[in-house]
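Please open the model in your viewer and keep the selection tool at hand. The stops below follow one another, and each begins with something to select.

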Amino acid sequence: MKHNFYSSEDVENVPEFIEEALKYKYAPVQLVGTGKTLVMIFFNSSLRTRLSTEIAARKIGMEVITININDAWQWELEDGSAMVFDTVEHVKDAAKVIGTYADIVAIRAFPGFTDRTADYADKLINTYMRHSPVPVINMESAIRHPLQSLADLMTIREHVKVENPKIVLSWAPHVKALPQAVSNSFLEWCGAAGHEVIVTHPKGYELAKEFIDGHRVEYDREAAFADADVVYVKNWSSYKQYGSILSKNTDWTITDQTMKLTNNAAFMHCLPIRRNLVAMDNVIDSNSSLIYEQAENRLHSAAFVLKNLI
Ligand code: SN0
């Protein structure tokens with residue numbers, strides 16, 4: 001594994017990495033993190049990421065310090081700008097200073113949704129990584145959520161016993177404009193693991209080419225769901241009309257009728273899920289639902305990544 005955990009590109013062999021992460025899940029705990037400190041920096045809300053990463057770090061012996069950025073100085077990302085407005089500290093100064101205290105740094109920073117080019121350059125975490133003397137973990141940046149995707153693929157490997165599963169990524173309605181990060185990373189990691197994904201969504205919700213390449217878009221939802229073995233559901237806002245909500249069409253809510261189109265597919269979602277909007281209670285709570293298995297694997301994916309970086 002490379003110096004940082006930012007995307008699937010930081011892992012040499014993704015299928016092997018998934019297998020090793022699963023072995024590590026059931027192996028006796030080793031205190032490889034003793035005497036080391038993880039600093040977690042949050043620009044946005046978190047439940048699973050915050051708890052699973054902190055508990056994973058503590059389990060292998062690390063100390064953990066978490067800061068919510070609202071409690072700290074606002075960071076400047078541009079080089080050479082005169083900092084006469086709200087930003088107080090340049091990200092490169094923060095990265096260099098934190099790197100003298102911490103052994104690993106983990107960052108969550110969602111997209112701003114005002115400037116697609118800036119969001120897709122993933123400026124905050126990339127600038128931070130460039131200046132950080134210590135490894136950086138992506139805890140969901142503007143465009144990627146690799147810890148989630150690793151846990152998702154571990155879950156598929158463990159629970160979906162079909163040789164070459166048909167995996168569907170389905171858009172679902174939402175009341176808020178959500179990031180594309182979870183969907184982008186799911187496609188990226190599935191591709192690296194050798195799975196082609198059938199992506200289904202209303203017109204206008206096409207994901208960025210760099211993530212959709214190697215996968216297939218099927219606008220006909222029934223055709224997409226037919227014989228599926230895995231249905232991964234997620235809302236995302238439009239990439240084309242960047243950050244917009246183009247549809248709140250509840251025909252796209254996942255119901256037991258939708259699931260009946262599949263080959264008794266596993267239902268997956270990264271959580272938090274808006275119940276009876278994204279999917280109905282009886283789907284979320286069905287025997288085919290893997291949502292808690294995915295969430296549990298967040299602990300093991302984080303522990304495996306931390307161990308590798310140490
Ligand atoms: C985030 C997202 O990227 O979609 C985090 C998912 C792991 N989800 C939300 O922000 C949900 C917010 C809401 O209002 O439901």
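Begin by selecting the ligand together with the residues that surround it, namely Glu140, His174, Lys176, Leu178, Pro179, Lys234, Cys270, Leu271 and Arg274, where a residue counts as near if one of its heavy atoms lies within 4 Å of the molecule. The model is a predicted one, in which local features need pLDDT of at least 70 and side-chain atom pairs count only at pLDDT 80 or more, while totals for chains, interfaces and linings use all residues. Residues are numbered from 1 along each chain as its sequence is written, and side-chain values use heavy atoms, with hydrogens and water left out.

Colour this shell by class, and you will find 4 nonpolar, 1 polar and 4 charged residues; here Ala, Val, Leu, Ile, Met, Phe, Trp, Tyr, Cys and Pro count as nonpolar, Asp, Glu, Lys and Arg as charged, and the others, Gly among them, as polar.

Next, show the distances from oxygen atoms of the ligand to polar side-chain atoms: 2.5 Å for Arg274, 2.7 Å for Lys234 and 3.1 Å for His174. On its own the ligand has 410 Å² of accessible area, of which the protein covers 86%, as computed by the Shrake-Rupley method with a 1.4 Å probe.

From the shell, select Cys270, which is buried at a relative accessible area of 8%, buried meaning under 20%, exposed over 50% and partly exposed in between, with a 1.4 Å probe and protein chains only. The whole structure has 0 disulfides, a disulfide being a pair of cysteine sulfur atoms within 2.5 Å. For Cys190, the nearest cysteine sulfur is that of Cys270, 13 Å away.

Now move to Arg108, in strand 5 (residues 104–108), strands being DSSP runs of E with at least two residues and helices runs of H or I with at least four, numbered from the N terminus. Beyond four places in sequence, Arg108 touches residues including Phe43, Glu140 and His145, contact meaning heavy atoms within 4.5 Å.

Finish at Ser141, in the loop between strand 6 (136–138) and helix 6 (146–159). Ser141 is buried at 2% relative accessibility, and its contacts beyond four places in sequence include Tyr6, Phe110 and Asp122.

Conventions
Polar contact = N/O pair within 3.5 Å; in protein donor to acceptor, adjacent residues only side chain to side chain.
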